[in-house]
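Here is a short note on backbone details and domain layout. Please read it with the model open.

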Amino acid sequence: MNERFSKFNTGLLADRKITQLMIFTALTFFILSYVSKDIFFTSANFISMSYQIPEIAILSIALMLSMLTGGIDLSIVSISNAAALVASWVMTTKMGDSENLSNKWIIIACVLGTVVGVLAGAVNSILIARLNVTPILATLATMTLFNGIAIGMTNGESVSGLPEQFMRVGNGTFFGIPTPFVLMIFIAIAVGFLINRTTLGLKVFLVGTNRKAAQYSVMGDRKVIAWVYLISGLLSSLAGLIIASRTSAASPDFGSSYILLAIVIVVLGGVNPNGGFGTVTGVILATAVLQMVASGFNALRYSQFFYLAAQGGVLIFVMILNVVLERRRVNRSIAKSLRS
Amino acid sequence: MVTLLTAEYGVENIVKSFGGARALSGVSLSVKGGEVHCIAGENGSGKSTLIKIMSGVHAPDSGLIRLGDKSFTQLSPREAVREGVQVIFQDFSLLPNLTVAENIALPTYILKNSRLLSKKQTNQLATNALDLIGVDIDINAPVADISIASKQLIAIARATNLGVKMLFMDEPTTALTRKEIKRLFEVVEQIKARGVATVFVSHKIDEIQEICNTITILRNGEVVSDGMMKDFKRQGISQAMTGLDVSETRIAPKLKKSNDKVIEVKNLTTKPTFSNVSFSIAPGEILGMTGLLGSGRTELAEAIFGQYPVDSGEVIVDGKPIHLNSSSAALKAGIGYVPPDRLTQGLFLEQSILNNLVAVGIDQYQSSGGRLAKSRLAEAGDRWIKDLRIKTKNPLNPVSSLSGGNQQRVVLAKWLAMNPHLMILNGPTVGVDIGSKREILEIIRDRAQEGMSFLVVSDDIPELIQICHRVIVIKNGQISKEFSEEQLDETVLYKELS
Amino acid sequence: MDFKKLLLRNETALIIAIVILSLVIGAKSPEFFTLANLFDIFRSSFVQLLFALGVLIVIISGGIDVSFPAVGIFAGYTSVVLMQHFEWNPENLLLPIALSIVIGTILGAINSIAIASFGIPTLIATLGTSGIFRGLMLTFIGSSFISDIPIALDKFATADLLKIQPEEGTLARLHILIIPIAIITILVSLLLTRTMFGRSVYALGGGVEATRRLGISIKRTQAKIYMLVGGLSGLAGILYVSLQRKANPYDLTGSELDIIAAVVLGGASIMGGYGTVFGTVLGVLLISLIKGNLILLGVSGSWQRAAVGALLVIGITVQAINESKKAKNRRVSTSDEAAE
């Protein structure tokens, strides 16, 4: 357990879980490259992966935040779609029949999208931090609500035909690197900084480890939790905007399987679903593993449904592994405490 | 009945290790039907492990469990119930969402292996069980809505129900008033007459001597002494339990006479928990507060700290009334609070010692833009580890790796770091070994000498006498009596308490 | 506050909500108050109710199950595929129903292993298995729509108990399923209130440690719960196929939200320990009512989901407020216990 948190002073590489994940990532990479040289191990595939990784990575980071506090935010995908829809609606309405839209309106649309995300996050915050609703239940309800509002507003149809300049963000490059990937790195660093280098971050870990003790330590546990769901909403909306920009469309049904995928990634990335432990690096690495598996499956012509089953399988396997390791650790620590 | 009375229940040469460390090394104990036996021992002596083995929670590594004619190498919880072993745990182990009747009747159904239950039979079983111990409780009420004293009685009614041959009672009198304890002892006498082997786990020596026939004293997983109760003297029992010649001399520092008040509590009321509680504490004074479980002592302490709602009244710190019902206001005014349960309320068990040490007032370590000043954090951690002599090699180890005494020091340190005017300590030495207890009391003394005031909430009377300048006793949510330094006396205090 | 009274209040509140909603809809469009419409609401509630009864049992025990739609459609679809493959086409329903229940129970057993043996948090475990079940079904069993379902199932879709032709308006058909569903509902209610197993489920939700100390096996109880829920879902799945007169492997996905919403609105506590069959029946009826008749209110059908979400948010908010009031009253008796 201490190894997992010693990054506090000794840097990322000392984190055993991360090291394990890195080895695992490398293994996945080499095996898939070996098995599918001509499709997986091609630059086209890598470029396509680097466009797909960011959106799911950002959603997973959002999910990680709520899981660090021992909660869960099931509404991330709904928020992401709602934000994308609002932004797209603004853009298409302002566009009229023309192909282009002034940058000013694109920025306004994006800002409105993030406002939607923050507002949705605020609803979660009120329910969870203020009214003490269990996070699972609260976000299950808001997931239905946000998704329902999005469907209601659009009649369940998707909005497409977004302006050229907006699409350039999701499909362009920045100094040769795909722009969404750059955005993801930026967000990952920001969130990493938030949880590891700020007082709020330390509080997040402590609240997630023991809410009761946090209450008695007067660190404003409600405020911490409220912030987490607010940020989770914001990050989800950013993911939504990136998705809209990459696919040039927004739909209330997009990514319905993403919530399972995000949970798989977060758990594989070493985040403890009971709260208190986890790293951004772990989540990013786990996203890379999952995305490689997805393209590998694709290259090997396995069906997308087999990939779905594999996701479920990985989730159950990692959880069982965690439980087994935890049992051994607990036995050892009982032994230790009795010896002393 | 005759066979029951001669039957013997107990264990032979039980050894139990957890991952290499011995919790019990060759413990034997035997209780006859119709006998009340006492198991005495400190925390970590193996009492609870023994109970868990007898009730089927743990399997022993070796040794035998003997229940009358039958011997077992291990029991499952179900077998234990079937063989008539019942345990009344300190927390009563009742299910809050089920009714009183169901809580009492369910074990009987399980015992009989019934798959179906009828409401009529459930009520009948419950009524009989309650009648047997002469108690009248609404059997259709959910347990969540029932008072602590009634819960205790329900737990007893349940355990004494059909088929119990060996009954463990873990600290059964903690929550009870003297009157209720009398009643409990009458009940124990009754079940004794029915041939039940009763085991009392308690550290209240007066009560043990009153009710028990025989005694076994455990220390570090071994039986250090056993025999007839009448052969033991009070001092002998506690010495055998601790293995030390316990000196409980007073260590409270001399209090300078002054009329200053660090804190004044005026007419604090939250009905029905407590009402019209008023007291004040001088600089450097250590005030003790005691009372039975459920007397309102914990709620009072938490109310002052803003963790328990207050209906009316005032808390005045340094002449200014503070905003009630807010812990952050209490913290700002200079009030600290060490809660009674270190593991669930005090510590972030899996987190590092360092993070635990700085958990209060994290914002102190904030530099520009909400950034965490890690070097200052580490410095503070090192300082407190040194100051309070917390035994650890690395402040980044999880706090769960520390012993009970060192863990308690961590909780203490995180509050001392705030340098409060008033420190409220609720059960400061619960579950701490004798040596650490002494050191913790000395820390309190030293700080008091420097002018910090303390409110020590505890049911450990000798401890209060050792450290406090003054003790108030809470009864039914009110101050029933105040004892000044000269009046502090164990027997008198115990008497006032119950 | 006496809990029984509170429960009563929760159920009365539901009845009042149903009555008011009916009156409002009825006032706007008189066709609401026809026998045909009532019977339609019943018909659309059958499958929902079966799923909901399973979910109720899980929620009372303190868990949550999101895999039941996957289990249901897996069992229903696979039964049809198996029957086609072996060219079984009996006149009576027994075979497909038995087949589907058996398959559902087996899938439930897999949930049991993950949850009871390894102690994986129930949400994560069932999310994982739901991916596995759906993925495996679509990869290995089939991914195409089957419209020529076995004759017995097809016939059963129109097996009416009652046909009433009012003087004017549409023919009102009461499906024969009303009888078996009513019997199953009563059986589940009896199971929960009158059997040791049922009380163990409540006990488990009330407190794991206290339940263990009663001599009730936690693992065995959990295993039974998830197998029973699997069986119920299997039955629901095959009935769904029959009523739809087609077997579509993509169906039921996403329906878990409506059903969990119904159970929660019915007064079951997501923390476990509380919940009644009667409340669940009302919850299912309320959701069916809203989903089926929103159009009569002049609200577009695309707002269905938002309405369910809003209802759920309101429901949990009210429950949370009640809970905190109750907790305040109860603090008196419990805070010391927690302390010792």
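1. F175(A) is exposed, because it has 6 C-beta neighbours inside 10 Å. Phi of F175(A) is near 50°, a positive value in a non-glycine residue. F175(A) sits in the loop between β2 (173-174) and β3 (177-178) of chain A. Strands are DSSP runs of E, at least two residues, numbered from the N terminus.

2. This is a predicted model: local features need pLDDT of at least 70, side-chain atom pairs count only at pLDDT 80 or more, and totals for chains, interfaces and linings use all residues. Residues are numbered from 1 along each chain as its sequence is written, while chains are lettered from A and ligands numbered from 1 in the order in which they are written.

3. N267(B) also has a positive phi, near 50°. N267(B) lies in strand β11 of chain B. N267(B) counts as exposed because 11 other C-beta atoms lie within 10 Å.

4. Check the peptide bond from K271(B) to P272(B): it is cis, with omega near -5°. P272(B) belongs to the loop joining β11 (263-270) and β12 (274-281) of chain B.

5. Chain B has domain 1 (2-242) and domain 2 (263-497); the bounds come from an automatic or database domain assignment. Their C-alpha centres are 33 Å apart. Seven residues of domain 1 of chain B contact six of domain 2 of chain B (C-beta atoms, placed from the backbone, within 7 Å).

Notes: Contact = placed C-beta atoms within 7 Å. Helix = DSSP H or I, 4+ residues; strand = E, 2+ residues; numbered from the N terminus. Buried ≥ 20, exposed ≤ 12 C-beta atoms within 10 Å, placed from the backbone.
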